[in-house]
Each structure stands twice: as structure tokens, then as C-alpha cells.
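Colleague: Before using this file as a starting point, I would like to go through a few of its local features. Please give the criteria as we go.

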Amino acid sequence: MDARVYHSISYGLYVLGVKGENGAMGGCVVNTLFQITATPPVFAVSVNKENQTCSLIQKEGLFTASALAQDCDPGIIGLFGFHSGRDVDKNQNGDLALSPNGLPYLKNGSCAYLEFAVCGQQDLGTHLLFFARLINGEVLSSSTPLTYAYYQTVLKGKSPKLAPTYRPDATTPAPAKQPAPEAPKAEAAQDSGKKQYVCTICGYVYDGEIPFEELPEDWTCPICGVPKSMFEVK
Ligand code: FE
């Protein structure tokens, strides 16, 4: 099968927010949230069972989904998409706020948040598919929502291993019939023979003005936050 068929499906990127233990705020990035009925307004979202967020949604029966903005700090994607709440405080940068119902949502870098009550679930093996009714929501900014295509083609990000769309053999998508929103600088660099440095954790491709070798030693990946040493030449 032609693997490019996977690239014909469009997605957004969202931060799910849930209540954690002892007042903690949990959350993770998903790209599989979509509305499935209008009356009542029911949505579906798939969450990997290994994500702490999955068990917290099961326990609480309530969660939020914040639509990431195209101009959000990529570090938000790194914190919520490539780190577990078992190891880090998801509100370490103060990006979360509480809804009137006491659920955390992303107040910085998002277009809106939606609040849901779980009304069903389906076990899909690696993931649980939750069905959830929309109970509240608020528009937070007029920014353009971040799409998965923009994340992959412009930010050069990859799917985390627990994402439903993760494929170990995946390369950066380049659908023939759907050009990238703007020409990625990294591709231009490749054409000129310049070395491409790629983050081995999140797949981010460095394309800054300063040569990678000359970046300070305390420089870190803008998406997932790992040091220079975790980059390798593509
Ligand atoms: Fe990274």
C-alpha cells in the first residue's frame, strides 16, 4: 500500500486537560479529536492507555480540549506531547488555568477550549476511544488553529510514539497534491548541501540563522527541550 494515503487525512492539534492527583493538573497532546454528532454535541477522542491522562479521564469523567494556535510556543507541544505528567509538572510554565468547573485548560497558545463530560468509551487495544458531550467552552484568541500538516511540514515535528498516527518508518510527509503552507527553510538548506541537524526525540529540524555547531552549549530543542547533544546529522 502507498503510505502516502495516511497523509490525506487532516487533523488539528489539541491539549487535553484533566484533574490530577492532589490538585495537580494533567494533560497531553492529541490529534484525534473530532465531532461525531450535532444534537447532542458529542465528540470522540482517542488516548493511549499508557498516557496518565487516559486513566485520569476514566477516573474523573471530565476533561477539556484546548485547540493549539499556529503561533503557539512549540515548547508547549514538547511539554504536553513528549513528557509524562509522572515526571514533570505540566503547569511548570503557568500555561494552564482552571475552568469554572475546575478543569485545567491551556490559557496561553490556544484558540479556544472546550469542556467535555464522558458519555461512553470503546477499548481499541493500545488506545481508549472516549465519547464525550460538550458542556462548556470559551474562545481565547483569534489565532489560526494549528493543523497537524503545519506541525509536520513547517515546524518539522513528528508523532510521539504513543500517538495513534505514529509510524516508526514515517518520514516528513510531502503530499504531492497538497503543498506545504510555506516553503520550509530546512528543505532549502538541504538543497544547498548544508547539514541538517534533527532532534532524535521529537524530530524537529534545526533551521536557524546561526550554524548549529555555533549554538551555545545550553541551547535546547524548541519543541521538546532536550540539549544539543540529542541532535544528529540527518
Ligand atoms: Fe526535540
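Colleague: Which residues point one way from strand 2, and which the other way?

Modeller: This is a predicted model, where local features need pLDDT of at least 70, side-chain atom pairs count only at pLDDT 80 or more, and totals for chains, interfaces and linings use all residues. Residues are numbered from 1 along each chain as its sequence is written, and side-chain values use heavy atoms, with hydrogens and water left out. Strands are DSSP runs (E, at least two residues), numbered from the N terminus, and buried means under 20% relative accessible area with a 1.4 Å probe, protein chains only. All six residues of strand 2 (residues 25-30) are buried; one way point Met25, Gly27 and Val29, the other way Gly26, Cys28 and Val30.

Colleague: Which residue stands opposite cysteine 28?

Modeller: Strand 1 (residues 14-19) runs antiparallel to strand 2, with six bridges joining them; pairing requires at least two DSSP bridges. The residue opposite cysteine 28 is leucine 16.

Colleague: What is the geometry of the site of the iron ion?

Modeller: Donors are N, O and S atoms within 2.8 Å of the metal (3.2 Å for Na, K and Ca). Here they are the SG atoms of Cys199, Cys202, Cys221 and Cys224, lying 2.3 Å from the iron ion. Four donors count as tetrahedral if all angles lie between 85 and 135 degrees. The angles among the four donor atoms are 101 to 116°, and the site is tetrahedral.

Colleague: How are the donor residues spaced in sequence?

Modeller: Cysteine 202 and cysteine 221 are both buried. The spacing of the iron ion's donor residues is C-x2-C-x18-C-x2-C.

Definitions and conventions:
Buried < 20%, exposed > 50% of the residue type's maximum accessible area, 1.4 Å probe, protein only. Helix = DSSP H or I, 4+ residues; strand = E, 2+ residues; numbered from the N terminus. Tetrahedral: all angles 85-135°; square planar, octahedral: opposite > 155°, others 65-115°.
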